[in-house]
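Below are some notes on the model you sent.

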Amino acid sequence: MSGFFTLGVVEMADAVADGSVSSEALAEEALKRLETLGPRYNAVMQIEPERAREQARGVDLARARGEKLGPLAGVPLAHKDLLYRAGRIATGGSLIRKDFVPDVTASVLERLDASGALDLGSLHLAEFALSPTGFNVHYGHGFSPWNTAYGAGGSSSGSGAVVAARIVPGALGSDTGGSIRHPSAMCGVTGLKPTHGLVPLYGAMPLAPSLDTIGPLTRTARDAARMMTVLAGPDPRDAATLPAPRLDFEGALTGDLKGLTIAVPSGYYRELATPEIAALMDDSRAVLKEAGAHLVETSPPDMALVNALMQVVMLVEMSTLHRRWLTERPQDYSPQVRARMLPGLALPATRYAEALMMRAGVTRDWLAGTMGGADMVHMPTLPVAVPSIAETTAGPPEDIAAVVGRLAAFTRGINYLGLPSLSVPCGFTANGLPAAFQLVGRPYAEPVLLQAGDAYQRRTDFHTQLPPGCGALA
């Protein structure tokens, strides 16, 4: 038993670079875990072992020749099945696209390839990336490695599960209203939703392009920083990325937060959290304070307005993208997904234009009230303990909608505002499932969010906890 599965992204990259382990050995162990543990959590859509082995051999040969290796050379990864790789089916978690083979490769996958990372295959997601729980009628539910009676979170369910189960040390997900942060929180891993426009969306199946982001799910903030070093930056094929600055994601990871101020909002962000979640938030803030951060109380603006505007943008954009299929192939959508999309077809263009025109002003107001003069905001990722699959699928529809809707209460507005957010595991609730806080920053504040997440993880061990049954394979 090699024990390579216990290493994170940075540790694996360093071990390959110094010759402590071969890329081929990492690939073989990850493939074995993907083939063995992946189905247990319904986390896998497609495994490509020969591609991974070929990439691994290339890395090992390059090292043997003394060539300079990329920052992720030899690290086995797998990614959400809405990122296109030319020639590989990309279902988007849907029946409609079950045979769709793209002829382009996503910018983010090209960048990972260039860094030397291995691509083991594609991962489970909710249908058309539209569920905070990982629910999927066509391909089954994504299961939590902590307890398969619970969902892995969505829509990047497979990404959260494979990182939590130590199948691979990192995976890409997408986030339109919380779809990186939900599975990160529900599986006990670290997830970064970047500033809108920092990471290119070219070659990714869209849901709502004004809200969509792509980012990493990893064990640690340091691992996320390494992946962001590769992923971020302008792409001429995605105009939204063109103003993106060049950022140093790893340079500030010192463990010291002296001189940084963290805002703790009251009102909406406190009132919706259960006492159990609130207590875990208090504990996590105490650790950040111990690391040197100064905490201040703030008051958010009207979140009902923020959430309503986000909903308008999301409804109109996703229903526009799906209009033809909703008309021609309505039976190929699950009833839940179809019901969520249809209202967007009835919204007037003036409402959508108004929501977009208000975006800059509403963002300024949110930053002024919720963040003030602080460097970041601390709040729960989820306001409640992770619900069971039964709680989100059985019973009256209105009860299910209330449970599911509450999961996104603290995440969806951040997408409308276009701000970065880092979800960090911070303990467990009474049901044995993980909980997490999120740190939200100003545009392009990813380095300082990662600095705070790293400082927290240096002083805690929640991110090191291994789900039952996910140890070394016989």
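1. A residue is called buried here when its relative accessible area is under 20%. By that cut-off, buried residues make up 60% of the 474 residues in the chain. Keep in mind throughout that this is a predicted model.

2. Overall fold. The chain holds 17 helices and 13 strands. Its radius of gyration is 21 Å, close to the 23 Å given by the globule rule for 474 residues, so the chain is as compact as a globular protein of that length. Along the principal axes, the C-alpha atoms fill a box of roughly 60 × 55 × 45 Å. Of the contacts between residues at least 6 apart in sequence, 78% join residues at least 24 apart.

3. In soluble globular proteins, nonpolar side chains tend to be buried together. In this model the largest nonpolar core has 133 residues, and those with the most contacts inside it are Leu83, Leu112, Val162, Leu172, Trp366, Tyr416 and Leu450. Helix 10 (residues 303-328) gives the most to this core, with twelve residues. Another core, of ten residues, lies apart from it; Trp146, Met186, Leu382 and Val384 are among its members.

4. Helix 4. Which residues of helix 4 (residues 107-114) are buried? They are Ser107, Val108, Leu109, Arg111 and Leu112. The buried residues of this helix pack against strand 2 (76-80), strand 3 (118-123), strand 6 (170-175), strand 8 (213-218) and helix 7 (221-231). Beyond its neighbours up to four places away in sequence, Leu112 touches Leu72, Leu77, His79, Ala117, Leu172, Met227, Val230 and Leu231. After helix 4 comes Gly116, with a positive phi near 95°.

5. Ala13. This residue sits in helix 1 (residues 9-17). Is Ala13 buried or exposed? Its relative accessible area is 6%, and a residue under 20% counts as buried, so Ala13 is buried. Setting aside neighbours within four places in sequence, Ala13 is in contact with Pro71, Leu72, Ala73, Val75 and Arg226. Leu72 is also touched by Leu112. By contrast, Ala126 is 113 residues from Ala13 along the chain, and their C-alpha atoms are separated by 31 Å.

Note on methods
Residues numbered from 1 in each chain as written. Predicted model: local features only at pLDDT ≥ 70, side-chain atom pairs only at ≥ 80, totals over all residues. Heavy atoms only, no water. Helix = DSSP H or I, 4+ residues; strand = E, 2+ residues; numbered from the N terminus. Rg over C-alpha atoms; globule rule 2.2 N^0.38 Å. Buried < 20%, exposed > 50% of the residue type's maximum accessible area, 1.4 Å probe, protein only. Contact = heavy atoms within 4.5 Å. Core = buried A, V, L, I, M, F, W, Y, C linked by side-chain atoms within 4.5 Å.
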